[in-house]
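Take a look at the protein and the ligand below. Then follow the text through the structure, one part at a time.

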Amino acid sequence: MNLRLATLDDAASIWDVHVNAIRVLCASDYTPRQITAWLEPKKPSDYHRPISEQRIFVAEFSGCLAGFGEFGTKEIHAIYVHPRFARRKVGTLLFHRLIAELGSRGVLRISLDASLTSVPFYLALGCTAGEAVTHCLRSGVEILCIQMIFELSETPVRQPFSGTRFP
Ligand SMILES: CC(C)(COP(=O)(O)OP(=O)(O)OC[C@H]1O[C@@H](n2cnc3c(N)ncnc32)[C@H](O)[C@@H]1OP(=O)(O)O)[C@@H](O)C(=O)NCCC(=O)NCCS
């Protein structure tokens with residue numbers, strides 16, 4: 001497993017991971033109408049700006065893009081894992097990388113809005129759940145998310161991944 005900053009050449013693969021994660025993994029928590037409204041407007045060029053700003057990390061395995069994570073000034077914007085790689089700690093690896101990045105910039109209280117699908121994941125990683133929030137998508141369709149906070153101690157974050165769970 002290789003973790004690195006995304007380049008513009010990754011944009012189409014990031015888009016592919018993003019739409020497949022929503023379409024497959026989030027389908028059990030949102031209606032088909034919500035899923036369609038969520039993924040339909042997405043396009044590879046959406047990622048050009050955050051890639052240029054060095055705010056997207058990608059996880060690669062055997063030349064395949066397994067997941068990506070995007071961070072902002074004080075928050076995690078997104079962590080998405082391709083369904084083929086789900087439950088293999090790709091999300092955990094990305095989470096710790098984003099946390100380390102924000103921590104290195106002095107951010108010790110990191111916020112994010114979790115999809116209902118990702119709540120058990122963020123809780124397992126030590127986040128605290130806050131209020132439910134409704135996001136209005138471009139089409140006007142609403143999706144429910146849960147606000148989460150991760151409190152980073154002054155202790156540097158350890159990279160926990162050993163790589164042994166991959167074939
Ligand atoms: C949420 C997501 C990023 C998790 O990535 P992942 O690589 O599959 O997660 P990990 O393998 O690192 O899981 C770490 C731990 O989180 C918890 N967890 C992860 N997915 C879970 C699930 N579906 N149900 C219950 N617990 C889960 C488990 O405790 C897991 O440890 P375990 O496998 O040893 O039991 C991924 O499922 C995803 O992309 N989901 C759809 C997109 C999404 O909602 N992204 C978040 C938007 S903010």
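Which pocket is the space taken by the ligand? The ligand takes the space of the largest pocket. This is a predicted model, where local features need pLDDT of at least 70, side-chain atom pairs count only at pLDDT 80 or more, and totals for chains, interfaces and linings use all residues. Residues are numbered from 1 along each chain as its sequence is written, and side-chain values use heavy atoms, with hydrogens and water left out.

Start with the empty space. Rolling a probe the size of a water molecule over the atoms shows where empty space is left. A pocket here is an open set of points on a 1 Å grid over the protein atoms alone, where a 1.4 Å probe fits and protein lies on both sides within 12 Å along at least five of seven lines. A molecule sits in a pocket if more than half of its atoms lie within 2 Å of its grid points. The largest pocket holds about 1400 Å³ of space, a volume filled by probe spheres set on the points. It is lined by 45 residues, and I79, Y80, S115, S118 and Y122 are the closest to its centre. Lining residues have an atom within 4 Å of a point. Strand β4 gives the largest share of this lining, six residues.

Now turn to the ligand. It is surrounded by 20 residues, and the closest are R87, K89, G91, T92 and S115. Helices (H or I, at least four residues) and strands (E, at least two) are DSSP runs, numbered from the N terminus.

Look next at the polar contacts (pairs of N or O atoms within 3.5 Å). The side chain of T92 has an N or O atom 2.5 Å from a ligand oxygen. For the side chain of K89, that distance is 2.7 Å. V81 uses a backbone N or O atom, 2.8 Å from a ligand oxygen.

Note on methods:
A residue is near a molecule or strand if one of its heavy atoms lies within 4 Å of it. A polar contact is a pair of N or O atoms within 3.5 Å; within protein, one must be able to donate a hydrogen and the other to accept it, and residues adjacent in sequence count only if both atoms are side-chain atoms.
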